[in-house]
Amino acid sequence: MILKTFKTTSLASALILTSTLALPTLAHGKTDWLVNADNSSVSFVSIKNSSVGEVHHFKALQGSLNDGQLLVNIDLTSVETGIDIRNTRMQEHLFETNKFTTATITANVSHIDYSHLKKGQSLKANISFAINLHGKKVILSTDVAITQHADDTLNVVTTKPIMLNAKDFGLEGGIAKLMELAGLKAIASSVPVTATLSLKKIPSKSNKEVL
């Protein structure tokens, strides 16, 4: 049931996402960052029969932020709906993970300068990002809050759900199949996706170290 609504996410997204998910970078620096998967999440809500909503997420994602370029990979085989058979059906019939194992989010966030943030401070920004899911690429935008938690840790959180539409990613057939298998009358083709990304600073090596 949940599976059907979810397809639009990945995205999620996503990811999603992302989310996003989407993250910013130092506008005046070359510091590299890695996504801390243990403290990050991409979740989505599915709605079946027009009234029953359920929250799902992906258990595996990884990413990096290098020179203003954000990359987040979401493992679609890690979708977790709370029911094993539903996970399997979503993988096989919605995402078709035998052909598309990963959803990818990319964004250029070099225009965002959060280098002035002190521990506990945050800022808000709007970013554009691309999500590649099921062989389709879609450009979207979202509002995020960026918080400095420590000298080497940043959190980027979507402040509003990102709406993903199954039609944009060619997932209508998968939704129809999930409805058939679960005996449902309807599954929403648009789903809200939220993302929280925790970034860990990776100090750049100096030229001397490289030599």
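Select Glu96 to begin: this residue sits in the loop between α2 and β8 (102-108). Helices and strands are DSSP runs numbered from the N terminus, where a helix (H or I) has at least four residues and a strand (E) at least two. The model is predicted, so local features need pLDDT of at least 70 and side-chain atom pairs count only at pLDDT 80 or more, while totals for chains, interfaces and linings use all residues. Residues are numbered from 1 along each chain as its sequence is written, and side-chain values use heavy atoms, with hydrogens and water left out.

Keep Glu96 selected and inspect its backbone. Its phi is positive, about 50°, although Glu96 is not a glycine. Is Glu96 buried, exposed or partly exposed? Glu96 counts as partly exposed, because its relative accessibility is 23%; buried means under 20% relative accessible area, exposed over 50%, and partly exposed in between (1.4 Å probe, protein chains only).

The side chains of Glu96 and Lys99 form a salt bridge, with 3.6 Å from N to O. The term salt bridge denotes a side-chain nitrogen of Lys or Arg within 4 Å of a carboxyl oxygen of Asp or Glu. Side chains of opposite charge can pair when their charged atoms come close. Lys99 has a relative accessibility of 54% and therefore counts as exposed.

**Second stop: a network of salt bridges**

How many salt bridges are counted by this rule? The count comes to seven. For the next view, select Lys48, Glu54 and Arg86, which a network of salt bridges links together.

Begin with Lys48 and Glu54: their closest N and O atoms are 3.2 Å apart. Lys48 counts as buried because its relative accessibility is 10%. Then turn to Glu54 and Arg86, whose side chains meet in a salt bridge of 3.4 Å, N to O. This pair links distant parts of the chain: Glu54 belongs to strand β4 (residues 52-58), Arg86 belongs to helix α2 (residues 84-95), and the two are 32 residues apart. Arg86 is buried too, since its relative accessibility is 7%.

Select Ser50, which is found in the loop between β3 (41-48) and β4. Its phi is near 65°, a positive value in a residue other than glycine. Is Ser50 buried or exposed? Ser50 is exposed, because its relative accessibility is 67%.

How many aromatic pairs does the structure hold? There are two aromatic pairs. Select Phe44 and Phe58 and display their rings: they form a tilted pair, 5.8 Å centre to centre with 40° between the planes. Rings of Phe, Tyr and Trp (its six-membered ring) pair if their centres lie within 6.5 Å, and planes under 30 degrees apart count as stacked, over 60 as edge-to-face and the rest as tilted. Phe44 lies in strand β3 and Phe58 in strand β4, so the pair ties together parts that are 14 residues apart in sequence. Both Phe44 and Phe58 are buried.

Select helix α2 together with helix α3 (residues 172-182). Their axes come within 8 Å and cross at roughly 140°; axes are lines fitted to C-alpha atoms, for helices over the stretch in contact, and angles run from 0 to 180 degrees between N-to-C directions. On the α2 side, the contact (heavy atoms within 4.5 Å) is made by Arg89, Met90, His93 and Leu94. On the α3 side, the residues include Gly174, Ile175 and Lys177.

**Last stop: the whole chain**

Finally, display the entire protein chain. Its secondary structure comes to four helices and 13 strands. Of its 211 residues, 48% count as buried.
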